[in-house]
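Here's a quick tour for anyone opening this structure for the first time. Take a look at the sequence and the model, then read on.

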Amino acid sequence: MRVLLVEDEPGAARVLAKGLREHAYAVDLAGDGNAALFQVGTTDYDALILDVMLPVRDGLMVCRAIRRSGNTVPILMVTARDAVEARIECLDCGADDYLVKPFNFRELLARLRAVIRRGRQPILPERVTIGALTLDTRSHRARVGAREVPLTAKEYALLEYLVRRAGDVVSRLDIAEHVWDEHYDPLSNVVDVYIQRLRRKIDALGAESFIRTRRGEGYQLVT
């Protein structure tokens with residue numbers, strides 16, 4: 001899942017981005033309203049975490065502009081104001097949910113999962129089984145049969161995306177746009193490298209791979 005975090009305080013942005021990446025999110029950062037609108041206009045995000053108090057354009061203006069453009073990306077708005085009127089304003093401008101500062105990081109994760117579930121991505125149950133492969137979407141763990149598969153955060157994010165698109169042929173660019181952040185180099189072979197890492201971890205010796213290569217097209221998780 002690729003998320004845009006819009007936060008003008010650098011320290012808070014670093015801490016939140018680090019926590020989100022540890023939970024398998026690819027995170028881009030924007031420090032003001034104009035930067036946020038530019039990035040939303042050029043990148044297909046799975047969700048936005050949008051602070052209300054921003055320089056240049058505040059979060060409410062950004063949210064309204066996104067909705068006026070027809071973009072339905074899930075938006076979780078973060079506000080320091082706890083008054084009922086402030087919360088109503090967040091929802092009326094087009095946000096899917098709001099979170100009042102200071103907040104518990106676990107609540108941020110839960111609300112982010114909720115807005116993504118209600119948004120454009122297909123809903124995954126807490127446990128998904130494809131053949132011998134089982135994915136626990138809450139604990140970010142994978143098993144093949146009775147064997148638990150140790151995965152890094154990025155390996156899990158890649159596997160979950162392939163599971164979401166199970167049966168489809170997905171291109172390297174599509175994978176990169178949803179699993180990697182803005183620092184991804186389109187000329188690199190990092191997607192192929194991680195696909196090979198996944199294969200070594202989840203495929204049984206001598207068995208057909210869960211992940212097929214479609215030459216010139218991309219990869220397919222076999223259902």
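This is a predicted model: local features need pLDDT of at least 70, side-chain atom pairs count only at pLDDT 80 or more; totals for chains, interfaces and linings use all residues.

Residues are numbered from 1 along each chain as its sequence is written, and side-chain values use heavy atoms, with hydrogens and water left out. The helices (H or I, at least four residues) and strands (E, at least two) are DSSP runs, numbered from the N terminus.

- Five strands make up an open sheet with parallel pairing, in the order 2-1-3-4-5; two strands pair if DSSP finds at least two bridges between them.
- Strand 2 and strand 5 (97–100) sit at the edges with a single partner strand each, so one side of each has no neighbour in the sheet.
- On average, neighbouring strands here are turned by 20° against each other, direction ignored.
- Strand 4 (residues 75–79) and strand 5 run parallel and are joined by four bridges; T79 has V100 in strand 5 as its bridge partner.
- Helix 4 (residues 84–92) lies across strand 4 and strand 5, at about 145° to strand 5. Angles like this run from 0 to 180 degrees between N-to-C directions, and axes are lines fitted to C-alpha atoms, for helices over the stretch in contact.
- Helix 5 also packs on the sheet, where it touches strand 1, strand 3, strand 4 and strand 5, and its direction makes about 170° with that of strand 5.

- A second open sheet has three strands in the order 10-12-11, paired antiparallel.
- Its edge strands are strand 10 (169–170) and strand 11 (211–214), each pairing on one side only.
- Strand 11 and strand 12 (residues 218–221) run antiparallel and share four bridges, with Q220 of strand 12 as the bridge partner of R212.
- Elsewhere, strand 6 and strand 7 (residues 133–136) pair in the antiparallel sense over four bridges, and T129 has T134 of strand 7 as its bridge partner.
- These two strands form a hairpin with two residues between them, and G131 in the turn has a positive phi of about 60°.
- In a regular strand the side chains alternate between the two faces of the sheet. Strand 6 (residues 127–130) has V128 and I130 on a covered face and R127 and T129 on an uncovered one.

**Helices against helices**

- Helix 2 (residues 33–42) and helix 3 (residues 59–68) pack at about 25°, with their axes 9 Å apart. They are therefore roughly parallel to each other; the cut-offs are under 35 degrees for roughly parallel, over 145 for roughly antiparallel, 65 to 115 for roughly perpendicular, and oblique for the rest.
- G33, A36, L37 and V40 of helix 2 meet V62, A65 and I66 of helix 3, where contact means heavy atoms within 4.5 Å.
- By class, that contact has six nonpolar, one polar and no charged residues. Ala, Val, Leu, Ile, Met, Phe, Trp, Tyr, Cys and Pro count as nonpolar, Asp, Glu, Lys and Arg as charged, and the others, Gly among them, as polar.
- Helix 1 (residues 10–22) and helix 5 (residues 105–118) pack at about 60°, with axes 11 Å apart, which makes helix 1 oblique to helix 5.
- In this pair, L16, G19 and L20 of helix 1 meet F105, L108, L109 and L112 of helix 5.
- Helix 6 and helix 7 pack at about 125°, their axes 10 Å apart, and are therefore oblique to each other.
- Helix 6 brings K154, A157, L158, Y161 and L162 to the contact, and helix 7 brings D174, I175, H178 and V179. These residues divide into six nonpolar, one polar and two charged.

**Buried spots**

- In helix 7 (residues 172–179), D174, I175, A176, H178 and V179 are buried; buried means under 20% relative accessible area, exposed over 50%, and partly exposed in between, using a 1.4 Å probe and protein chains only.
- The cover over them includes strand 1 (2–6), strand 2 (26–30), helix 6 (153–164), strand 10, helix 8 (190–202) and strand 12.
- L54 lies in the loop between strand 3 (47–51) and helix 3, and at 10% relative accessibility L54 counts as buried.
- Not counting residues up to four places away in sequence, L54 touches V6, E7, D8, G31, G33 and G59.
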